[in-house]
Structure formats: structure tokens, C-alpha cells
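Biologist: I would like to learn how to read contacts and charge pairs in a structure. Could we work through one together?

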Number of protein chains: 2
Amino acid sequence: MTRKESIFREAALLFSEKGYSASSMRDLAERVGIEPSSLYSHIKSKEEILKEICMSCAQDFVDGIKSIDNKDRDALAKVEALVRLHLSITAENPNSIIVFNDEWKHLDTNSLNLFKALRQEYETIFKSILKEGQESGQIRTGSSGIMMNSVISALSWVHQVDGRSSKNYDLSDEMVAFVLASIKS
Amino acid sequence: MTRKESIFREAALLFSEKGYSASSMRDLAERVGIEPSSLYSHIKSKEEILKEICMSCAQDFVDGIKSIDNKDRDALAKVEALVRLHLSITAENPNSIIVFNDEWKHLDTNSLNLFKALRQEYETIFKSILKEGQESGQIRTGSSGIMMNSVISALSWVHQVDGRSSKNYDLSDEMVAFVLASIKS
DNA sequence: GTCTATACGATGATAGAC
DNA sequence: GTCTATCATCGTATAGAC
């Protein structure tokens, strides 16, 4: 792992624990094991770290939903794939996902606009999948916007789960069951 | 409205917009229309404001769920009442709810422990309602913990909704439909 | 209760030696 | 690339006059 990778890795953990604004570059440097000023040989600013973390997650979600939507599956199968995509992205980098979920509002104006555009792109495809399911009769009637937000929101706590707490249940299967039941006709 | 009320009101708005750590007492004083030092004639510290906001919301939820659980209703009716409770608390003070949801981790050790105890109390009752429904056959099998977290999480985006965006749908009714469908057998 | 003045530690970031 | 030294600013909070 390069020093730069280690900085981003520790930053994701630090920001996820204390929040972006309450995290200092001095904290971060200490965790990386260098002096604060040395961070700036690898990154331009604190905000650049946040941007990299948030944009990278957002891009993963957009790429994932596009790939799912391109395949020839019915709407419910697409939603199931969306749930598994969410779980898989979360499992891969839980700290980054916490930052992505909770700290994006601290992006500066330019990054924030890019971020919102990516989110818009994701939400538009998501809603079109739900509407497709409503037209085919697989998904119950109701506001697709409310369903979409509720589903996304329902998925956003899963980073809290560690291996131990899963007991007899597989988290992915349980979440698929929950989400599909909530929107099926 | 007293000055103290106005401080808490503006603080809830400010913290909800910028997050607790990124909000300064100088910001807050400006919004209230006084000098920063004058805030301290009404409150002891910045953290005291956060504590008041978070604890007051937490208490509303605990009081609400206790009152619902005491009534003689079946499990699904209790869950429906929980959804409406959540919507009603959120509608009453959306800014405080955002702070309660997103900023509680910045409470100091003592407040944090109290906060977590209240959350624990809420979650224990919630899970017991779900289990009661599983035993009576109204609620499908599966992890009650996963269901509870998903339901709570699904409800936590509703503060984003303003009057305009509701179109032809009643948010409360849509959320009741979503949550009940997700857990029914 | 509100003000002016201020204490004083923490903040993000830079300059320049090595 | 890392360090020491430092800067300018902003952070919460207090003292004391009115």
C-alpha cells in the first residue's frame, strides 16, 4: 500500500468515526504516522480527500445501476440486483460508505454539484425501473419517488452490521426479502 | 418566543444545515441577532444545545412507543401507529429530527450514554412488538433486528419532504403501506 | 442581558532545510 | 518525501462594564 493509499484509508476511517468537520489533519497525520505537513506532499487539501471518497462511491453506484438496467431482466429482478449491489459496495468499503452517506454535504460547491448530478442520475434510473414494474403489474401502485427513497434509506443502515451479529440470518437475503415485499403488488 | 427558545430554534436549523461541528457559536449568534458572548447568558455551552435537541427527540420517541405498546392492539396496528408516530414527530420539528438523526455522535460521554440508553429502550420495545406479530402469524419470519433497523432507517428520510412534492400521494399513508408490506406474512 | 475585549488552544495550510 | 517552524484565522468560552 502506498502512502497515499494509506492516507485515504485512514481518512475514511477517521471521517466515519468523528465526521468530516470534527476530524483534523493533525489527527489524520498521527494515524498515518507522519507529521501533518507531510500529508500535503500527497494530497492538495482536506476537502480533496472527502471529494475522492464521496465521488468514488457515487461512481460505483451509478456504474452498478447502469449495468443492472442494461441487462434483460424484469423489474423485480433488477431491484433485487440493486439491493445486492448496495450490500456488496457497502461490504467492500464500509468506512467510505459511511462518509459517502453522512459527509457529502461538506463538499465544496463544485464537487457538490457533481455529486448531486451523479445522485440524480442514479435516482432517475431507479425510478424508471420502479415505473417499469408498475406498468407490468409486478410492483404495486404508489409514488415511485417515495418507494425509491424508502428503499435507499432502508439499505443505508447495513454498514453497522459486523460478522458476529448476523446469527442465523444472511443479511443480503433478509434485505432482499424486506425490499421486495415492500414494493411487490 | 423567548430569546432562549429562539437560540434553540436557530441552532436546530443551523446544525441541521451545516452539521454540529461545522456550526460555530459565531454563526449561531449572528442568526439570533446578538453577539456571541451573549449566548452564554442563556446556555451553558454549545454541547448543551445539542444535548437538549437530541434528548428531547429521543424522549418523544420513547414516550410515544410506550404509549402505543400499552394499548390493546395487534402487532400490525402497533407498527402502523409507530410509523404515524415517526411521521408526526418529524413533521412537528423537522430540523431537530435531522440533528437527532445525524449529530448525536457528537454528544459528550455522559449525554451519549443517556442517549444510547433511550435508544436501547425504544429498540427493545420495537423488537418485542415485531416478535409478538411473528408469534401470532401476522408478521413474516426473519430477523426482528434486521426488520426493525430497516423500518427505522426507511422512515428516516421523510424530513426531506416538503408540502409541494407530495403530489397525489399522502406521505403517511404511503409510508404505512411500505412498512406494513415489508413485514407482513 | 447585552455589550466590548480578550484569552488561548486548535485549525488548515505553506516555506524552506535536508 | 519528510521534517521543523510558522502563519493567519477561527474555535469556544470568560471577565467585567453598563
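Predicted model: local features only at pLDDT ≥ 70, side-chain atom pairs only at ≥ 80, totals over all residues.

Biologist: How many residues surround DNA strand C, and which are the closest?

Modeller: There are 15 residues around DNA strand C, and the closest are R3(B), E35(B), S37(B), S41(B) and H42(B).

Biologist: What share of the DNA strand C atoms within 4 Å of the protein belongs to sugar or phosphate?

Modeller: Sugar or phosphate accounts for 51% of those atoms, and bases supply the rest. Individual contacts show both kinds of partner. On the phosphate side, a polar side-chain atom of R3(B) lies 2.8 Å from a phosphate oxygen of DNA strand C. On the base side, a polar side-chain atom of R26(A) is 3.1 Å from a base nitrogen of DNA strand C.

Biologist: Now the salt bridges. What is the general idea, and how many does the structure hold over all chains?

Modeller: Side chains of opposite charge can pair when their charged atoms come close. Over all chains, the structure holds 14 salt bridges. One of them joins E132(A) and K78(A), with 3.4 Å from N to O.

Biologist: Where do E132(A) and K78(A) lie in chain A?

Modeller: E132(A) is in helix α6 (residues 109-136) and K78(A) is in helix α4 (residues 75-92), so their pairing ties together parts that are 54 residues apart in sequence. E132(A) is partly exposed, at a relative accessible area of 31%. K78(A), in contrast, counts as buried because its relative accessibility is 6%, under the 20% cut-off. The pair also belongs to a network of salt bridges that links D69(A), K78(A) and E132(A).

Biologist: Which parts of chain A does the pair D173(A) and R84(A) tie together?

Modeller: These two side chains meet in a salt bridge of 3.2 Å, N to O. D173(A) lies in helix α8 (residues 171-183) and R84(A) in helix α4, so the pair connects parts that are 89 residues apart in sequence. D173(A) is partly exposed at 42%, and R84(A) is partly exposed at 32%.

Biologist: In chain B, is K78(B) buried or exposed?

Modeller: K78(B) counts as buried, at 5% relative accessibility. Its side chain meets that of D69(B) in a salt bridge, 3.2 Å from N to O. D69(B) counts as partly exposed, with 25% relative accessibility.

Definitions and conventions
Residues numbered from 1 in each chain as written. Chains lettered and ligands numbered in written order. Heavy atoms only, no water. Near = heavy atom within 4 Å. Polar contact = N/O pair within 3.5 Å; in protein donor to acceptor, adjacent residues only side chain to side chain. Salt bridge = Lys/Arg side-chain N within 4 Å of Asp/Glu carboxyl O. Helix = DSSP H or I, 4+ residues; strand = E, 2+ residues; numbered from the N terminus. Buried < 20%, exposed > 50% of the residue type's maximum accessible area, 1.4 Å probe, protein only.
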